[in-house]
Amino acid sequence: MSTRTADEIRAERLAKLGRALTALFAVTAYAVATLVKRSWRRLFPFYWVAAELAVAWVAGPLGLSWQTVGILALAIAATSAGWRARSRTVRAWRAAIAIVLGGYAVATVAAGGQAAMAAHPTLTIAVPTLLAVVLGWPWWHHLRHLPPPPPTSAPVLVAEPADVLDPLTAHWQRRWEREVIAAKVCEGTTLVQAVEPRPGVTEALVRLTPGTKPGPLFKSGPDVEVALDLNEGAIGWRSTGKRAWVRVVLVERSYIADGVPWTGPTYAGGRLELARFTDGSPGHWVVSRPGAGVVGGLVVGSIGTGKSRALGALIANLLDAGIQVAVGDPQNGQSLPAWKDAVEYHSGAEKTALLFRRVHAETMRRSKLLADAGVDNFDENDPRVKALGLRIFGVIVDECQLVLIPNTPIVALVEQAAETMRKTGVFFVLATQLPQMRSLGGSIRLRDALVAGNALVLRLSNRGSGSTILPDDFVGNPFALQPEIDGKTTAGMGYLRTGARVGMLCRVPHLDEAAAAAASPRVPVRWNVPEIDPASKIVLPGQRSPDAAKTGATASGGGSAVDRLRAAFGAGRRTTVVEQVAPATPAEWVLACLRRGPASAQALLDRPDCPVEQSQLYALLGRLKDAGRITPPAQRGGPFTISA
């Protein structure tokens, strides 16, 4: 039999006591955790009692004054009132509990803290606990389970279809399957929901099957109109931001057939209502985007289509918003005559060209000022921009094809200004009658810079030759519009690319330009650069002037690298720089093009430096063929070649 010492017996007993206390602590912790987890909302007021007792207990050792405890109580009360709850009643009840218990905590600390709790346990401990029981449960539990108010549903088109079909949706589902899908139009789509926001207008949500892309659907508007027997421009598509869902607008009652009245300027939030769609929704022209600067635009329309009216409505909105406007008129005062006294007006092709040059200099100057001030994107409300005195500046040029002549330096200048104007607060709006790239000097980059902002394309009567001025992703057919429909003029009808409806027909409001110009405020243009000398030559940033280049070439002993190297080593050999002269006649131009390689007649027309029109080019090719200088193509539309 072994004997144990007193220390061993004492250690064993302490180990058993420790295990018992650990088990008791674990069971107690588990019980408390279960109680808190299952009924913490019902016991919520007791937490405030514990907080009140803890604050009052530690106020003495920490040396907290009753004013500090009062600030803590106010913070707790504000938190309880602002914390999310089922209703305002629950928030108010919770705040009342916090205020009452917080008042007791302040009173306890003011009366002496721990000493007051020891001297008056009933008042400082029992009373708050009883108040917590009365105020908290079961009233708290019942308040939390009040039935919520019935939701009010607005008649809007939701992103997901409802499970129960309404009669309108069922009607259009049958028509879509029977008249559209059966006609091999919009295959791979299913109409799942339809609403009627306005009489005669239906907005439908269309679901796409896997593999179906929305791009081709946006161009199928005319086919859907034929299938449903609707008028021209009665179909409009709108993307929902998801590939599997698109919206289609079906218009059986046009809201623009009898015209759109002018109701005054509508500029707000960087955009304005420039047109009205057939379904009655507004078509907005975007002037500025938040954090993205300003954007320009392009207006195209044949004679008598309402192009001047659209520009007048644009000017009226810009002036009402306090935006500086300068108008260029290459037709010597015949374009936009009502606005001569309302805006800075530049009449004539020469003055319009000088306006382009000065705007380019203004853009470069603004870029320097904004960069020095640390401004990345132009924002008129930025204090740094206000300190510089810079405001949004719009330049509107009608009949721009009279100034933007292909292969001239002015085209490169305007192109550079249009590409960099966004961050400087300057924007261009160019208007023309001819939907050809030659109207913009043959510059595709200038076209892309403009239509990236806005593109209003009114009725067009001539497609022209060569590449088109219309955007590549343009949806709509302005060539199909007639001058009159049912005896009513279509002036002002066209397609607005930045509108909410993709490809839907719209109309510019009928505007009395003289009255609108007289009522518009006068906003003087503040230039940061002087006027341009007409005798000066056009020099783009980063390039040397022709005189400087000529002087440098002469001083270095020639223009080539070899000549400059010989001059550096004292060879003394000097060469003469011969300037290449363009062909003097169209025939020489055609022969020069064909010497570079075979080309068809259409390829020659598509060149931006083509000196003749389509009919003149075909006649010229015929004369050169008869003279034996070129060989005709083997088949129609093929390439011409130089005769051996």
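At 36% relative accessibility, glutamate 419 counts as partly exposed; buried means under 20% relative accessible area, exposed over 50%, and partly exposed in between, with a 1.4 Å probe and protein chains only. Arginine 445 forms a salt bridge with glutamate 419, their closest N and O atoms being 2.8 Å apart. Arginine 445 lies in helix α15 (residues 444-451) and glutamate 419 in helix α14 (residues 409-420), so this bridge ties together parts that are 26 residues apart in sequence.

What you see is a predicted model, where local features need pLDDT of at least 70 and side-chain atom pairs count only at pLDDT 80 or more, while totals for chains, interfaces and linings use all residues. Residues are numbered from 1 along each chain as its sequence is written, and side-chain values use heavy atoms, leaving out hydrogens and water.

**The chain as a whole**

The chain has 21 helices and 20 strands. These are DSSP runs numbered from the N terminus: helices are H or I with at least four residues, strands are E with at least two. Of the 644 residues, 41% count as buried. The chain exposes about 34,500 Å², with carbon and sulfur atoms supplying 58% of that area, as computed by the Shrake-Rupley method with a 1.4 Å probe. Contacts (heavy atoms within 4.5 Å) with a separation of 6 or more come to 66% from residues 24 or more positions apart.

**Inside the cores**

A nonpolar core is a set of buried Ala, Val, Leu, Ile, Met, Phe, Trp, Tyr and Cys residues joined through side-chain atoms within 4.5 Å. The largest one holds 112 residues, and Trp285, Trp339, Phe428, Leu430 and Leu456 touch the most other members. Helix α11 (residues 307-320) gives the most to this core, with eight residues. Apart from it lies another core, of 18 residues, among them Ala587 and Leu604. Leucine 430 touches, among others, Gly297, Phe356, Cys400 and Leu450, not counting residues up to four places away in sequence.

**Aromatic neighbours**

The whole structure has four aromatic pairs. Rings of Phe, Tyr and Trp (its six-membered ring) pair if their centres lie within 6.5 Å; planes under 30 degrees apart are stacked, over 60 edge-to-face, and the rest tilted. Two of the pairs are set out here.

| Pair | Centres apart | Planes | Type |
|---|---|---|---|
| Phenylalanine 218 and tryptophan 237 | 6.4 Å | 50° | tilted |
| Phenylalanine 474 and tyrosine 495 | 6.1 Å | 85° | edge-to-face |

Phenylalanine 474 sits in the loop between β14 (455-458) and β15 (484-485), and tyrosine 495 in strand β17 (residues 493-496), 21 residues apart. Phenylalanine 474 is buried at 9% relative accessibility, and tyrosine 495 is buried at 3%.

**More charged partners**

The structure holds 19 salt bridges, each a side-chain nitrogen of Lys or Arg within 4 Å of a carboxyl oxygen of Asp or Glu. Glutamate 203 bridges to arginine 238, with closest N and O atoms 3.5 Å apart. That pair links distant parts of the chain: glutamate 203 is in strand β2 (residues 201-208) and arginine 238 in strand β3, 35 residues apart. Glutamate 203 is buried, with a relative accessible area of 10%, whereas arginine 238 is partly exposed at 22%.

Lysine 368 bridges to aspartate 372, with closest N and O atoms 2.6 Å apart. Being four residues apart in helix α12 (residues 349-373), lysine 368 and aspartate 372 are separated by about one helical turn.
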